[in-house]
Structure formats: structure tokens, C-alpha cells
Number of protein chains: 2
Amino acid sequence: MSIKPILYENNVLKMIDQRLLPVEELWLEYTDYRAVAEAIKTMVVRGAPAIGVAAAFGAAFGAREIVAESYEAFSVEFEKVCAVLGATRPTAVNLFWALDRMKRCADAHRTLSLAGLKARLIGEAMEIAAEDLRLNRTLGKNGAELIPDNARVLTHCNAGALATGGYGTALGVIRAAVEAGKKVAVIADETRPWLQGARLTAWELQRDNIPVTLICDNMAGHLMSKGEIDCVIVGADRIAANGDTANKIGTYTVAVLAREHGLPFYVAAPISTIDLAIPDGSHIPIEERDRREVTHSGERQLAPEGVAVRNPAFDVTPARLITAIITERGVARGNYGVELKKLATKDK
Amino acid sequence: MSIKPILYENNVLKMIDQRLLPVEELWLEYTDYRAVAEAIKTMVVRGAPAIGVAAAFGAAFGAREIVAESYEAFSVEFEKVCAVLGATRPTAVNLFWALDRMKRCADAHRTLSLAGLKARLIGEAMEIAAEDLRLNRTLGKNGAELIPDNARVLTHCNAGALATGGYGTALGVIRAAVEAGKKVAVIADETRPWLQGARLTAWELQRDNIPVTLICDNMAGHLMSKGEIDCVIVGADRIAANGDTANKIGTYTVAVLAREHGLPFYVAAPISTIDLAIPDGSHIPIEERDRREVTHSGERQLAPEGVAVRNPAFDVTPARLITAIITERGVARGNYGVELKKLATKDK
């Protein structure tokens with residue numbers, strides 16, 4: 001059973017501190033929405049779907065605090081709560097998707113008592129978490145058939161159980177392939193600067209006894225040129241209507257390399273990652289994070305003081321480099337402008 | 001004046017410890033060839049031309065210890081010394097080039113007294129060091145015309161003063177362009193796992209007041225796609241007769257990205273880096289280094305214990321991706337099978 005990084009028990013949200021893995025497994029507890037926002041911002045929790053789940057609980061916690069005489073008064077305060085949670089990280093659309101869903105839920109239950117409404121919002125967050133786990137299993141099955149037996153699969157960053165409500169998207173596909181009896185070996189890009197690959201992907205695959213080999217990001221091209229990689233699968237933080245996909249910085253490079261070597265490049269992501277409101281990837285805001293992520297490793301200084309640094313946390317892979325986009329509602333293989341809309345608006 | 005990482009003064013070889021930069025500037029002193037071999041192996045000194053220079057002094061120090069009645073007896077011992085130095089790192093051909101040159105020098109002076117021969121070998125090592133500095137200046141001038149004014153130049157690893165007898169190859173070209181009055185901004189790949197870009201390139205360019213921006217290796221593709229890079233220049237550890245070039249791991253990926261974005265990709269290296277004895281890059285041995293370089297940063301553990309790791313230190317960029325190879329004897333632009341031979345056998 002793969003790890004679930006976000007648990008809701010006895011009115012408390014528990015999240016494993018992903019900043020400390022793999023050296024320490026520390027669970028932090030949250031009951032305050034501001035603390036949840038801070039946890040998203042500082043990457044206690046990360047990964048687009050997991051951010052969505054955490055934000056949903058944050059919104060429910062924020063609602064719990066509101067004292068209001070009417071739904072309208074409640075709604076004004078609830079908007080403020082959601083704005084705080086929405087201001088944490090700009091790229092992953094699941095954050096905004098989850099907050100929108102919480103707001104729609106509140107609206108749909110505006111006639112409830114305040115206590116009833118608050119309980120319903122907690123219920124909605126629990127539902128979002130449970131759904132995410134379920135849909136990852138379905139997504140995994142949908143994608144598993146794309147993974148050949150004995151495949152050596154490159155992945156970048158962590159689109160695993162730790163990035164979701166559990167099971168994972170890209171790693172969910174790998175888990176489903178393994179559960180279907182296939183032999184799969186994973187090559188994990190370490191994923192600088194935050195090292196999600198080294199710290200998280202390697203850790204959770206090792207824990208599930210799925211063979212994993214860690215490499216530095218700049219080694220993937222070499223391994224491809226030596227015929228040591230069969231396909232690539234990654235997650236996504238936001239997919240534009242035309243299929244352009246924002247994901248962890250370095251994903252674009254992997255996609256270019258895959259194309260150069262004639263390897264399939266798959267994106268695995270839930271429908272909630274698709275942002276039909278933007279026509280293409282140029283509209284996706286790219287977060288620039290703190291320079292210290294690049295210049296230091298823990299307390300260790302890696303670069304001369306005062307050096308200029310760029311630290312974009314994401315990049316955009318154009319749709320033309322993507323072999324297929326795997327979702328819980330099916331697999332789109334090209335012609336994304338049409339296919340993604342079909343999937344996104346399909347009845348569940 | 002750019003730094004010279006290798007100094008010979010008062011019969012002592014002094015090398016700046018490149019493992020400690022940029023945090024500490026420690027000069028280590030060497031008089032024993034075994035210690036020089038260890039310094040090459042453990043990367044106190046690194047960079048193909050610098051390794052050649054260090055190995056030449058190592059050979060001269062080894063010769064200094066030999067007690068022999070005849071040149072033949074000397075030669076047997078000298079071979080052993082050179083074998084120890086040659087067993088340190090397999091990829092950079094300059095190491096073997098320098099050792100061969102020291103052996104040829106010994107042969108050419110076989111009629112000298114033992115004391116005279118030993119002095120001559122020290123002289124030859126000093127000559128190799130001085131030549132390297134001179135040729136880098138010439139190489140730099142040859143390459144400078146390829147760098148446009150206001151260019152934003154990506155480099156990978158450190159092919160700078162620290163990688164050579166001084167001035168640098170790839171960074172020598174940049175220094176020469178700057179000296180010619182051009183405005184050049186360097187984007188430095190940090191170059192995992194050893195971080196030559198973050199630790200060395202950023203440090204030596206900052207010291208020379210050449211603008212430098214540090215990025216993680218996986219960000220170069222993103223910056224290229226945004227139109228923020230104009231060309232790429234790197235060094236080389238070994239160039240096969242057909243132009244295939246071994247250089248620091250990740251170079252191949254940068255070359256693929258440059259081609260994808262229509263950017264020139266330049267290799268700057270002295271003639272001693274060209275290995276006409278091998279037809280193509282498949283014959284270049286690729287060093288695999290210790291897993292700890294990937295799993296740890298200093299004492300900090302970055303990955304779960306026991307995870308499988310690959311750590312190839314170099315990769316091979318096929319000639320077809322290289323726009324030009326810049327040497328001290330001129331610039332080869334394609335048709336490398338013919339052009340490199342011409343340059344390598346040209347009168348100095």
C-alpha cells in the first residue's frame with residue numbers, strides 16, 4: 001500500500017513533512033487555514049493534486065472559524081480565506097480548482113445552517129481527498145497498458161503518492177503496470193533544486209519494492225543515447241486547452257530528449273489539472289522560487305555569495321512533444337485541442 | 001588577470017583545492033608524485049588541460065625520486081611512475097598526452113646525466129604549464145569572433161582558468177570576447193553532481209567581473225525556449241578523430257537542446273584534447289564515479305539509503321551537433337574528420 005501523505009483524523013489534518021524526507025518521517029498537524037497556506041508555500045506538501053487536497057482542507061478550516069449571521073456575510077469571509085490559500089503557489093491549477101470547488105459547494109448549500117454548512121465543507125474536502133486517491137487508481141489502470149513489460153521508465157520530479165491523495169499519477173501508472181504483473185524499472189531524475197526525485201520518488205518506490213535508479217538530471221540524455229531508457233512518464237501542474245503542459249522545471253528538456261531518441265513521452269494527470277480557460281502554455285504563470293534553493297544545500301553553500309541566480313520552478317512542454325496525456329477518464333493521444341475538451345466535459 | 005590554479009615555485013607544486021571552492025581558498029603543496037596522483041583522482045585539480053599539467057609535474061616529481069645506473073633502468077621506473085599517474089582518471093586524454101610527452105622528453109634526453117635528465121623533466125612540465133596558458137590565449141582569440149556583442153552565452157561545467165594552466169578554454173573564449181570590447185553575459189549550468197558550474201565557473205567569472213547567472217542544469221532548456229540564450233560554449237575532455245566530443249555529463253543534453261532551438265554549439269579545446277587514434281566517440285572510456293557524489297551533498301543525505309545510483313562523469317556529444325571546434329591552431333567548422341587532422345598535424 002503506497003503512502004498517503006495527507007490524512008484527516010479527529011478534526012486534524014496530518015501531513016508528512018516532505019522537506020525532511022527521506023531522512024526523517026515527521027507528521028505535522030494542522031487545524032488553522034493560515035498554517036495550511038504556509039505549509040503549501042513552504043512545500044511541507046507539494047505536487048499539484050496534493051496541493052489541491054491540502055487547500056480544500058485549508059478552506060474548510062477557514063470556514064470553521066467564520067462567525068456570520070447570513071450566507072452572504074459568510075461568503076465574503078470565505079472568499080478571503082480562499083484568497084489566502086490561493087496566493088501560495090501560482091502554477092498548479094489544482095489549487096484553484098479545489099478552492100473553486102469548495103466555493104461552489106458552499107454556494108450549493110447556502111440554505112444550510114452555518115454549522116451544517118461548515119460540516120458540509122469538511123465533508124467536501126474529505127471527498128476531494130478520497131476522490132483523488134480513487135481517480136489515481138483509475139488513471140493508473142488507463143496508463144498501465146502503455147508501459148511495456150520489462151520497461152525502463154524515466155520519470156522527473158515526484159508525481160507519486162506523495163504528490164497526490166495517494167498512489168500517484170505518473171507513479172500510479174507505474175504501480176498499476178507492476179500490479180498487472182509487468183516488470184518495470186524506474187530511472188528517477190533527482191530533480192534539482194528541490195530534489196523531489198532523489199528525496200521523494202526514490203523513497204516511495206523503494207518503500208513499495210519497485211526497482212529505482214537515481215540519476216542527476218543531466219544524465220538522462222546520456223542514458224537515452226545508450227538505449228537504457230524505453231519511455232518517459234511525468235505528472236503535470238497545469239495543462240492548457242491545446243495540451244501544452246506545465247510541470248516541474250526540466251520536464252521540457254526531458255521531452256526534447258525523448259523526441260530526439262524516438263521515445264514515447266507520457267503525461268499523467270487528473271482532469272482537474274486541465275485548464276480549458278487558457279488556450280496554450282504561454283498563459284501559464286511560472287513561479288520563480290527563492291535563490292537559496294539553488295545556492296545552498298541545507299546549510300552548505302554551493303555557490304559564491306551574491307551570484308545572480310534564476311530559479312523557475314516549472315517549464316512548459318509543448319503539446320507536439322507529448323505522445324499521450326493519461327487521465328482518469330481516458331487517454332488522449334494527440335489532437336489535444338479536441339480530445340482534452342472531450343475528456344474534461346465527459347460524464348464521470 | 002584570471003587565476004592560475006597550478007603554480008610551481010621553489011621546487012613545490014601548489015594547487016588550489018577545487019573541492020573547497022568557493023567557500024575556502026586553500027592552496028595545497030605537492031612534491032610527491034603519489035600525492036599528485038591522489039590529487040587528480042580526488043579532484044583537488046580537475047579539468048582536462050589542468051589534469052595534464054598536474055600529471056606532467058607528477059611525472060617530473062616521480063623521476064626526481066628514481067635512483068638508476070642507466071637510462072634503461074631509469075626508463076623502467078619512469079614507466080611505473082607514469083602508470084600510477086595514468087590510472088587516476090580515464091576519460092580526459094590530456095592526461096595521457098602529457099604523460100606521453102614527458103616520456104618522449106625523457107627519451108630525447110637519454111644521453112644526459114641522471115641529474116640533468118631530472119632537471120629537464122621539471123623543465124618540460126613547466127613548459128607544458130606555460131604553453132597551456134599561452135595556447136588558451138590564442139584559442140580564446142580564435143573563438144572570440146564567434147561570440148556576438150551582447151551575447152548571452154550558456155556554459156556547462158568549468159572550462160575556465162581553473163580547468164587549465166590559466167585563462168581557460170570555453171571561458172578563455174569569453175574572456176577574449178570581453179577583452180575585445182564585447183558585452184557578454186554568461187549563464188552557468190551548476191553541473192551536478194560535482195557542481196563545477198556553481199562552485200568554480202561562477203566563482204572565477206565573478207572574480208573577473210564578467211556577469212554570470214547560475215542555473216540548475218535542467219533550466220537551460222526553459223531559458224532557450226524563452227529566447228534567453230544566444231549560443232553555447234563548452235570545453236572537452238577528449239575529441240575523437242571524427243569530432244565526437246566527450247565532456248562533462250550533461251553536455252550532450254545541452255547540445256541536443258541547442259540544436260532544437262537553432263543555437264550554435266561550440267567546443268573549445270586545445271589540440272592536445274584531440275585523440276586521432278580513435279575513430280569516434282564510442283571508443284572513449286566514460287568514468288563512473290562514486291555514488292556518494294549523487295546521494296550526498298557534503299554530509300547531507302539527499303536520497304534514501306541503499307538506492308541504486310548511476311554516476312557517469314562524462315557523455316559524448318556527436319559531431320553532428322557541434323557547430324565548430326575552436327583550437328589554438330584555428331577553428332574547425334564541420335567536416336571534422338578532415339579538419340581536425342589538419343589542425344592536429346599543422347606546424348605550430
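**Two chains and their pairings**

Q: Which side chain of chain A meets Arg175(A) in a salt bridge?
A: In this predicted model, the N to O distance of the pair is 2.8 Å. Side chains of opposite charge can pair when their charged atoms come close. The partner of Arg175(A) is Glu204(A).

Q: How many salt bridges does the structure hold over all chains, and how many are counted between chain A and chain B?
A: One of those between the chains joins Arg310(B) to Glu228(A), at 2.6 Å from N to O. Over all chains the structure holds 48 salt bridges. Between chain A and chain B the count is 6.

Q: Which elements of chain A give two or more residues to the side that touches chain B?
A: The rule finds 23 residue pairs in polar contact across this interface. On the chain A side, the elements include both helices and strands. The helices are α7, α8 and α9, and the strands are β6, β13, β14 and β15.

Q: How do the residues on the side of chain A that touches chain B divide into nonpolar, polar and charged?
A: In contact are 53 residues of chain A and 53 residues of chain B. The area buried between the chains is about 4,400 Å², and carbon and sulfur atoms give 60% of it. The residues on the chain A side divide into 26 nonpolar, 16 polar and 11 charged.

Q: Which residue of β14(B) is the bridge partner of Thr213(A)?
A: Strand β6(A) is joined to strand β14 of chain B by 2 bridges. These two strands run parallel. In β14(B), the bridge partner of Thr213(A) is Ala308(B).

Q: What percentage of the contact residues of chain A recur in chain B?
A: Chain A superposes on chain B with an RMSD of 0.0 Å. The same surface serves both copies. The percentage of contact residues of chain A that recur in chain B is 100%.

Q: Which residue of chain A is joined to Leu21(A) by a cis peptide bond?
A: Most residues other than glycine have a negative phi, and most peptide bonds are trans. The bond asked about has an omega of about 0 degrees.

Q: What is the phi of Asn11(A)?
A: Asn11(A) is placed in the loop between β1 and β2 of chain A. Asn11(A) is not a glycine, yet its phi is positive. The value is about 65 degrees.

Q: Which residue in the turn of the hairpin formed by β8(B) and β9(B) has a positive phi?
A: Strands β8 and β9 of chain B run antiparallel and are joined by 2 bridges, with Ile239(B) opposite Thr245(B). The hairpin has 4 residues between its strands. The residue in the turn, with a phi of about 100 degrees, is Gly243(B).

Q: Which residue of β15(B) is the bridge partner of Lys248(B)?
A: Strand β9(B) pairs with strand β15 of chain B over 4 bridges. The sense of this pairing is antiparallel. In β15(B), the partner of Lys248(B) is Phe314(B).

How values were computed: Residues are numbered from 1 along each chain as its sequence is written. Chains are lettered from A and ligands numbered from 1 in the order in which they are written. This is a predicted model: local features need pLDDT of at least 70, side-chain atom pairs count only at pLDDT 80 or more; totals for chains, interfaces and linings use all residues. Side-chain values use heavy atoms; hydrogens and water are left out. Contact means heavy atoms within 4.5 Å. Buried area is the accessible area (1.4 Å probe) that two parts lose on being put together, summed over both. A salt bridge is a side-chain nitrogen of Lys or Arg within 4 Å of a carboxyl oxygen of Asp or Glu. A polar contact is a pair of N or O atoms within 3.5 Å; within protein, one must be able to donate a hydrogen and the other to accept it, and residues adjacent in sequence count only if both atoms are side-chain atoms. Ala, Val, Leu, Ile, Met, Phe, Trp, Tyr, Cys and Pro count as nonpolar, Asp, Glu, Lys and Arg as charged, and the others, Gly among them, as polar. Two strands pair if DSSP finds at least two bridges between them. Copies are superposed by least squares on the C-alpha atoms of residues with pLDDT of at least 70 in both.
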